[in-house]
Amino acid sequence: MASAASSTSQRGQVDLVDFVDWSGVECLNQSGSHSIANALKQGYRDDDGLHLASDSDEQLLIYIPFTQMIKLHSIVIKGPEEEGPKTVKLFSNKEHMGFSNVGDYPPSDTVVLSDEQLKGQPVILKYVKFQNVRSLTIFVEDNQGGDDVTTVHKIALFGTTVDTTNMKDLKKIEDH
Amino acid sequence: MVLEATMICLDNSEWMRNGDYSPNRFQAQCDAVNLICGAKTQSNPENTVGVMTMAGKGVRVLVTPTSDLGKILACMHGLEIGGESNLTAAIQVAQLALKHRQNKRQQQRIIVFVGSPIKYDKKILESLGKKLKKNNVALDIVDFGESDDGKPEKLESMVSAVNNSDSSHIVHIPPGQNALSDVLISTPIFTGEEGGSGFAAAAAAAAATAGSMGGFDFGVDPNVDPELALALRVSMEEERARQEAAAKKAAEEASTKEKGDAGASGSTDAIMTEADKGAQDDEAALLQQALAMSMDDAKPMSDISTTDPDLALALQMSVEAAKEDSGSQSDMNKVLGDQSFVSSILSSLPGVDPNDPSVKSLLDSLQPEQEKKEDKSDKSEEK
């Protein structure tokens, strides 16, 4: 079924890192030296020396807006065994959440990460819930070991764009 | 220029009646708040500021974060002093108010004025600080008024718990000569991070150092009134340029005058040889001055302070000569052309020996010049 996370592993799913609106990416409770870019950005996320770490306590709230509407299919979260995230809640299209209102809405999906998933196995999500996603909020509730600091090495999102008429692709076909 | 939403927590508890800050703690606090509001709204027009009380009738938000300075200043009217201030509740309410700010792009900041003793222990304050940090809220504390044991340390520990890359500050202000607001102006609470210090610098110049305009070229702050400052600078430069041009012109005039007016130049030359040794520049300068003044319209010669009366006489003659027409000029030349007259003048001059060969040669050269001059003047008269 799902092989190791290659960019088009699952039937046309694309790595959505290209569609992330970087100016709006926010992460609450991140440590100053270990920021969200280390886990999200191309290049940084594959570097095991760089990781995202939490600050005051073990929770993290990551807000990722996209440049266009996307459908989210699966997610890869890589982290160390002990400090990697355990319970992860995903909210679609909820702007600027805070730790105080994570309990106010039901999450679009909840994932409890196993050890294999922490090593890089993609987690298939409830596709029907993520059909027209403008922004994604990832709430890391706790970590595997129950420590004060949660560490994340990589976060990768896979899916497709709703707006499939990518103008560049269109040109290529016409050039035929 | 950081885009910020700020909530200011006022302490209006009973301890604010004390007069150790003039006129009383509460008034000093209000002045400081007014200044802070002004600074925040000026540094970025999209900044919003809200105000709330910690004591009095209870923890109340007087005005939610707004960029309307008038509203903010008006809401502090008629506040009552009384009760005890509830620090933890106030900070939590402030956090909530910031959470519901309209522009989510604004950074969140809380400024707390703590003038009364704190009844909470360190742990609670630290956990509160951590919570603020988790929600990315910066905290500034102004510690003034009461200073019982432990208050500064408690507040310090709170700020260090909140602090995330130096965005939170604490200031301790003991009672003394300077007003609360004056001391605050120089702190990072007021000046923010690098940017926004333009207003602070202006306020510092205007308010803190009573009256002295230290630092600004023309006594006008470029930030407060840029057009006026620019106009002053331009007019200063124009004046300087004009003076230079005038001096240059005077120098040119001086050189031409010396050539044209032989008689005057003869005596001045003699005086020049007398006071020679490098002092020629002084003479030239004085001559320039005289000419400049003649151009400005006959000012009394007393302005030129000169110890040598003969020099004064010579200068006067040159000035008059510049004014009068060629006819009288030739008369003057004739007078000076008289050998005996010149030699008598020269003999009266200290340090000039008429029998000195250089002086004699000068006189000789003077004669043919005079003749030439007379010819010229005759010709002009014939015209």
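**Close-up views of a two-chain model**

**View 1. Polar contacts link chain A and chain B.** Across the interface of chain A and chain B there are six residue pairs in polar contact, with both residues at pLDDT 80 or more. A polar contact here is a pair of N or O atoms within 3.5 Å; within protein, one must be able to donate a hydrogen and the other to accept it, and residues adjacent in sequence count only if both atoms are side-chain atoms. This is a predicted model, in which local features need pLDDT of at least 70, side-chain atom pairs count only at pLDDT 80 or more, and totals for chains, interfaces and linings use all residues. Residues are numbered from 1 along each chain as its sequence is written, chains are lettered from A and ligands numbered from 1 in the order in which they are written, and side-chain values use heavy atoms, with hydrogens and water left out.

**View 2. The contact draws on both chains.** Chain A supplies 11 residues and chain B eight residues, where contact means heavy atoms within 4.5 Å. About 930 Å² is buried between chain A and chain B, and carbon and sulfur atoms give 46% of that. Buried area is the accessible area (1.4 Å probe) that two parts lose on being put together, summed over both.

**View 3. A salt bridge joins Lys133(B) to Asp55(A).** The interface of chain A and chain B holds two salt bridges, each a side-chain nitrogen of Lys or Arg within 4 Å of a carboxyl oxygen of Asp or Glu. In one of them, Lys133(B) and Asp55(A) meet at 3.4 Å, N to O. Lys133(B) counts as buried at 18% relative accessibility, whereas Asp55(A) is partly exposed at 27%; buried means under 20% relative accessible area, exposed over 50%, and partly exposed in between (1.4 Å probe, protein chains only).

**View 4. Salt bridges also form within chain B.** Asp20(B) pairs with Arg25(B), their closest N and O atoms being 2.8 Å apart. Arg25(B) is buried, with a relative accessible area of 2%, while Asp20(B) is partly exposed at 27%. Glu14(B) and Arg17(B) form another salt bridge, at 2.9 Å between the closest N and O atoms.

View 5. Cys30(B) has a relative accessible area of 8%, and Cys75(B) one of 17%.
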